[in-house]
Every structure is written in structure tokens, then in C-alpha cells.
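Subject: Structure handover

Hello,

Here is the structure for you to look over. My notes on it follow below.

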Amino acid sequence: MNRPIIALTCGEPAGIGPEISLRAAWELRDEVRCVLLGDAALLAQTAYDIDRQMRVAAISIQAWRNTGLPNFPADCLCVIDCPAAEPVRAGQLDARNGRAVLQTLDMAVEGALNGAFAAIVTAPLQKSVINDAGVAFTGHTEYLADVTKTPQVVMMLAGGDAPHLRVALATTHLALKDVPAAITAESLARTLDIIQADLQGKFGIARPRILVTGLNPHAGENGYLGREEIEVIAPALQAAQQRGIDARGPYPADTLFQPKYLEDADCVLAMYHDQGLPVLKFASFGHGINITLGLPLIRTSVDHGTALDLAARGLGHADHGSMMVAIRAAAEMARKQKDAQASP
Ligand SMILES: NC(=O)C1=CN([C@@H]2O[C@H](COP(=O)(O)OP(=O)(O)OC[C@H]3O[C@@H](n4cnc5c(N)ncnc54)[C@H](O)[C@@H]3O)[C@@H](O)[C@H]2O)C=CC1
Ligand SMILES: NCC(=O)COP(=O)(O)O
């Protein structure tokens, strides 16, 4: 089988990222060739402690850049070594290791843009640690947009069984007080264009149906509870419809997430992080995924954080289900995109 090569950044080294990355990469080794980016010594020790059968072999960044990926057998996971600056203690954050975490992202992007990787999958990192390391950072989503010079991206989470939910966000990691000003006709237009393009190109949905929430309670209650729906969101939706996008709304967010509405939708566009994501995570925590739309590369991630509490308890407590779904979804998106590019 032709296994896609996927870069897997192992995230915060003191969290559950290294464990869930290794477990998922190992279980999926017949389907996907995962290349792990992280501290090689930590990953080798973790692999040994998880399962003595699990083989990992590391190369340096320089060796990878000079000669590409070695031809390891399928039962040996490849690690590109991005060494932590200080010894890692499970469950204990150390800001001195923050820059090594960012290095894993930089290497993954480099490889994805030069065609070495079909996609990137990211394990969770601790956003505060990156800031403590002296780098202003709000999330992978924004960082990947910055380093790929993409003016706007869209965060979308997906999960749940019946119906399968996709929730995209009009704003990402933003303080609540800044949300209303960030929602403009222009930003909504770009967001809807990105959702439409990526649901078509990466998910194979010919004419995505997008349901859009309001910003205010009851979608503004005809202007009595806020005017953003009347002045910004509804006109943006009309303009999008004229561009051929099937976007409807704005609907009250508190009643939109019912199966009878969701069955007829491919995606819900919510206005801010905590309007949409709690619903998604309630429906699917542990097997949902996060996808960044609009990037010049494919990036998926887990639906959870670093779980330092579990990491501190030792191996064997974290569920790697979301990581499995994230890797499979990235591989599937890579296949769909390749097919779409190949067809005239
Ligand atoms: N993609 C990413 O890099 C993400 C990073 N984070 C970061 O993670 C850090 C911690 O965030 P929290 O809000 O505490 O969320 P969290 O997801 O780390 O933990 C919330 C609860 O869920 C449990 N949990 C999380 N993952 C689990 C797993 N795989 N298996 C079993 N139980 C699991 C934890 O033990 C905890 O009880 C923050 O710095 C946040 O920014 C959060 C979400 C995504
Ligand atoms: N709650 C989702 C989340 O925080 C994802 O952040 P990131 O993927 O941008 O790091």
C-alpha cells in the first residue's frame, strides 16, 4: 500500500502529546507513514515504556534536510530530532522547552511546503509555555497562518456520530471583548469563501451547506439584543449567496444545534470559540478533530489539550482516539486533494 507520509508534531513534551503520538503512529503504521517531530531521546524512552516491540529511529534536522527521510522498514517509526533544551518531567511545564516545540512546527511546515509531507498532524501544546518562552502565541491555527503568510484561516472542529458535526469559527483565539469588532462583512466573506473552497477541495463536498449562527442571544431578537445580525451578518450572507455559497442564517446559536437542523448541514459557522466548540466537544470529546482551513497545507489536530494531570500520573491514562482520527482524516484529505488536483 502506498502510505502517505505525515508529519506528526508531538506537542508539549511534559504533556500527553508524546505518548498519544507514538501510540497512534504505531497502530496506524500499515496505513500511514508518520514522521514524528519531537525530542528523540524522550520519544525513544516513551516508546520503550509503552511497548518493547515499538521501534523508533531518529535522524537530525540537518540529516533530513541533506538527504531526506531514510527508508526505515514499516515497523520502525521515524523521528526527526528537535531536542528539548532541558530534561522533561511529565506534568511539569518548563518554559525553556517552549522554543523546541515551535521548532517541531517549523520543520513540519517546511516539509509540507516542499512536498516531503502530505499533511501535518499536531499533538497539543501548552500555549502559555510558548508565551513564557518569549514568543507571542495564541495557537497553532494563528501560528501556522503566520509562518505560511496566509492572511486568514478558519478553525473547524469535526466529530460526533449522528449527525456528524462540523463547527467552524468566525474568530479563533480572541478575548470575548474583542469578538464583535473582529466580525466584519469582509472577514465573514473570507471565512465563508475558505469554508466553501476547503469543504469542496479537501472533503469532496460539491456544494457545502453552511448554517450560520448569530452573535447575540436569539440572533439579536430583531435588533433588541444587538444589531450585528442586521448590520453585518445577514448582509454578508446575502453577498455570499450571490457568490454561489449556500450559507443560511443568522440563526440563534442556542437552538441551532439540533439534529433536525444539523442533518441538512455540512458545517455550522459559529461566531466565536466558546459558542461553537462546547457543543462539538460534548458530542465527540476524545474522537473529534480540529482542522485548519485555508492554509496552503493540510493540518489536523486533536480535540483536546495537553492533559498535564494525566501525564503526571504516568503512561496509560490518556486516550489516543482523537489522534488516531486526526491522522486518518489528514491522510484522507491528502488523498482527496491529490485526486481533485489530478482531475481536470
Ligand atoms: N491543539 C492544541 O494544541 C490544544 C491545546 N490546548 C492547550 O492545552 C492546555 C490545557 O488545556 P485544558 O483546558 O486543561 O484542556 P485539556 O484537554 O488538556 O484537559 C481537560 C480535561 O480533559 C482530560 N483529557 C484531555 N485529553 C485527554 C485524553 N486524550 N484522554 C483522556 N482525557 C483527556 C484532561 O485530563 C482534563 O481532565 C492549555 O494550554 C490549552 O491551550 C487545548 C486545546 C487544544
Ligand atoms: N480549542 C481548540 C484549540 O484551542 C485549538 O488550538 P490550536 O489548534 O490553534 O492550537
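A nonpolar core here means a set of buried Ala, Val, Leu, Ile, Met, Phe, Trp, Tyr and Cys residues joined through C-beta atoms within 7 Å. Please keep in mind that this is a predicted model.

Core

The largest nonpolar core has 109 residues, and the members that touch the most others are Ile-6, Ala-119 and Ala-330. Helix 14, residues 321-342, gives the most to this core, with nine residues. Domain 1 (1-150 + 295-344) and domain 2 (153-286) each contribute at least three residues to the core. Leaving out residues up to four places away in sequence, Ile-6 touches Val-32, Cys-34, Phe-117, Ala-118, Ala-119, Val-121, Ile-327, Ala-330 and Ala-331.

Domains

The protein is divided into domain 1 (1-150 + 295-344) and domain 2 (153-286). Their centres, taken over C-alpha atoms, are separated by 29 Å. The contact between them takes 17 residues from domain 1 and 14 residues from domain 2. On the side of domain 1 that touches domain 2, helix 6 (140-147) and helix 14 are the elements that give two or more residues. Helix 14 gives the most to that side, with six residues. By class, this side of domain 1 has five nonpolar, eight polar and four charged residues.

Ligand 1 is surrounded by 18 residues, of which Pro-124, His-304, Gly-305, Ala-307 and Asp-319 are the closest. Helix 5 (127-132) and helix 13 (308-312) each supply at least two residues of this shell. The shell around ligand 1 divides by class into seven nonpolar, eight polar and three charged residues.

The residues around ligand 2 are Gly-139, His-140, Thr-141, Leu-277, Asn-290 and Ser-301. One of the residues in the shell around ligand 2 is nonpolar, five are polar and none is charged.

Annotated histidines

An unreviewed UniProt entry lists His-173, His-218 and His-273 under "binding site". These positions span 101 residues of sequence and are also spread in space, with up to 23.3 Å between C-alpha atoms.

His-173 sits in the loop between strand 7 (165-169) and helix 7 (179-182). His-173 counts as partly exposed because it has 15 C-beta neighbours inside 10 Å, where buried would need 20 or more and exposed 12 or fewer. Apart from residues up to four places away in sequence, His-173 touches Thr-138, Gly-139, Glu-142 and His-273. Gly-139 is also in the shell around ligand 2.

His-218 lies in the loop between strand 8 (209-213) and helix 9 (228-242). With 16 other C-beta atoms within 10 Å, His-218 is partly exposed. Beyond its neighbours within four places in sequence, His-218 is in contact with Leu-225 and Pro-252.

Pro-70

Pro-70 is in the loop between helix 3 (61-67) and strand 4 (76-81). Is Pro-70 buried or exposed? Pro-70 is exposed, because 11 other C-beta atoms lie within 10 Å and the limit for exposed is 12 or fewer. Not counting residues up to four places away in sequence, Pro-70 touches Ile-59 and Cys-78. Pro-70 and Thr-46 are 24 residues apart in sequence, and their C-alpha atoms are 22 Å apart in space.

Regards

Notes
Residues numbered from 1 in each chain as written. Chains lettered and ligands numbered in written order. Predicted model: local features only at pLDDT ≥ 70, side-chain atom pairs only at ≥ 80, totals over all residues. Helix = DSSP H or I, 4+ residues; strand = E, 2+ residues; numbered from the N terminus. Domains from an automatic or database assignment. Contact = placed C-beta atoms within 7 Å. Near = placed C-beta within 6 Å. Nonpolar A, V, L, I, M, F, W, Y, C, P; charged D, E, K, R; others polar. UniProt positions renumbered as here; feature names shortened; annotations may be inferred.
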